[in-house]
Amino acid sequence: MAGDIFRIGIDLGGTKTEGVLLDSAGLVLVRERRSTPLAEGYQAILGSVVQLVRDLAARLPQDAPYTIGVGIPGSVDAVTGLVRNANSVCLIGRPFQADLERLLERRVGVRNDADCFTLAECRKGAGAGYQVVFGVIMGTGCGGGICIDGVVREGPHRIGGEWGHVSVDPAGAPCYCGNRGCIETKISGSGVEAAYLARNGVSLTMEEIVAGARRGEARALLAFNTFLDDFGRSMGGLISILDPDAVVLGGGLSNIEELYYAGVERVRHYAFHNDLRTPILKNQLGDSAGVFGAAWIGI
């Protein structure tokens, strides 16, 4: 196996951290998930990622070359080197990439988790074969990435694709980013749940809201139809600006089948074209996408 370059990828999430070791052909040699010690704070998270990288590296042939890439729910500022815009707020303002490189004594690529998702889906998933792809993560939060000719576009501020923090309702719910009515407050799981609680005084999970809507329960149906309409408005606006060749949906909410017919009809209503042909596709790699993308952005 001399001359082979292996890849270690880490997908750091709020509840779980996943690691993968790929061989030079992209085949999975080792894959492991661990709980993210979010409640224990920054140092615990840092230590957990470092240990997972070391455990994966220990499975390599002796002296084998390898790269390391880490996807995070935020981005590293190009000027300061500090994490910003992270859902896991204990990362914000921290030199996460520099700390990883210091502890591991080697370079580490760090990118936004939505960028990692988008890259993976464009290489091996639903976005393969399309020139311009917008990748969406809809889960607890809402993020996105732009892939052009196989390269994910970060931009000078490393916020390329961050559609979740476009304010579409100035009178809407406050967002952790400091604005009101961001797309994330409208179509993420946490956003829909918060809106349901504010309207009804009762707490339901997104899964319960969807199930109730399918049974025809009035309050759940209103919340779900509002979610679909907000999705259509948000996605229609995005398509009108970027006009991508395809959109790929990821995250837990991408499993809501109504998005691919009722949601698409809302997109058609809001997009600036009377014959919208942009395919809105479900991801093919599932929750594997982020960790594979992280491996491929490694340095």
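This is a predicted model: local features need pLDDT of at least 70, side-chain atom pairs count only at pLDDT 80 or more; totals for chains, interfaces and linings use all residues.
## Around Ile-10

Setting aside neighbours within four places in sequence, Ile-10 is in contact with Thr-17, Glu-18, Gly-19, Val-49, Leu-52, Val-53, Leu-56, Gly-69, Val-70, Gly-71, Val-291 and Ala-294.

Where does Ile-10 belong in the fold? You'll find Ile-10 in strand 1. Is Ile-10 buried or exposed? Its relative accessible area is 0%, so Ile-10 counts as buried, the cut-off being under 20%.

Follow the chain from strand 1 (residues 6-12) and you come to strand 2, which runs antiparallel to strand 1 and is joined to it by six bridges. Together, strand 1 and strand 2 make a hairpin with three residues between them. If you want a spot to look at, find Gly-9, which stands opposite Val-20 of strand 2.

Strand 2 (residues 16-22) is mostly covered, with six of its seven residues buried. Strand 2 also pairs with strand 3 (residues 28-35), again in the antiparallel sense, this time over seven bridges. Here Lys-16 has Ser-35 in strand 3 as its bridge partner. Strand 2 and strand 3 form a hairpin too, with five residues between the strands, and in it Gly-26 takes a positive phi near 85°. As a rule, side chains in a regular strand alternate between the two faces of the sheet.

## Two nonpolar cores

Now for the inside of the protein. The largest nonpolar core has 35 residues, and those with the most contacts inside it are Met-138, Trp-163, Phe-227, Met-235, Leu-249 and Leu-259. Several elements each supply at least two residues of this core, including strand 8 (132-138), strand 9 (142-148), helix 5 (189-200), helix 6 (206-214), strand 11 (246-250) and helix 8 (262-270). Helix 7 gives the largest share of this core, nine residues. There is also a second, separate core of 30 residues, which includes Ile-8, Tyr-42, Val-53 and Ile-68.

What does Phe-227 touch? Not counting residues up to four places away in sequence, Phe-227 touches Met-138, Lys-186, Ile-187, Val-192, Met-206, Leu-253, Ile-256 and Leu-259.

## A pocket and a cavity

The second largest pocket holds about 270 Å³ of space. It is lined by 15 residues, and the closest to its centre are Phe-134, Trp-163, Val-166, Leu-238 and Ile-241. Helix 7 (residues 218-242) contributes the largest share of that lining, five residues. Sorted by class, the lining of this pocket has ten nonpolar, four polar and one charged residues.

Lining the largest cavity are Ser-75, Val-76, Val-110, Arg-111, Asn-112, Asp-115, Glu-154, Arg-158, Ile-159, Gly-160 and Glu-162. Strand 5 (75-76) and strand 7 (109-112) each supply at least two residues of this lining, with the largest share, three residues, coming from strand 7. By class, the lining of the largest cavity divides into three nonpolar, three polar and five charged residues.

## Two aspartates with positive phi

Most residues other than glycine have a negative phi. Asp-63 has a positive phi of about 65°, although it is not a glycine. Asp-63 is in the loop between helix 1 (42-57) and strand 4 (66-72). Is Asp-63 buried or exposed? Asp-63 is exposed, with a relative accessible area of 73%.

Asp-243 also has a positive phi, near 50°, and is a residue other than glycine. Look for Asp-243 in the loop between helix 7 and strand 11. Asp-243 has a relative accessible area of 56%, so it counts as exposed, the cut-off being over 50%.

Notes: Residues are numbered from 1 along each chain as its sequence is written. Side-chain values use heavy atoms; hydrogens and water are left out. On a 1 Å grid over the protein atoms alone, a cavity is a set of points where a 1.4 Å probe fits but cannot get out, and a pocket is an open set with protein on both sides within 12 Å along at least five of seven lines; lining residues have an atom within 4 Å of a point. Grid points are joined across faces, edges and corners, and a volume is the space filled by probe spheres set on the points. Helices (H or I, at least four residues) and strands (E, at least two) are DSSP runs, numbered from the N terminus. Ala, Val, Leu, Ile, Met, Phe, Trp, Tyr, Cys and Pro count as nonpolar, Asp, Glu, Lys and Arg as charged, and the others, Gly among them, as polar. A nonpolar core is a set of buried Ala, Val, Leu, Ile, Met, Phe, Trp, Tyr and Cys residues joined through side-chain atoms within 4.5 Å. Buried means under 20% relative accessible area, exposed over 50%, partly exposed in between (1.4 Å probe, protein chains only). Contact means heavy atoms within 4.5 Å. Two strands pair if DSSP finds at least two bridges between them.
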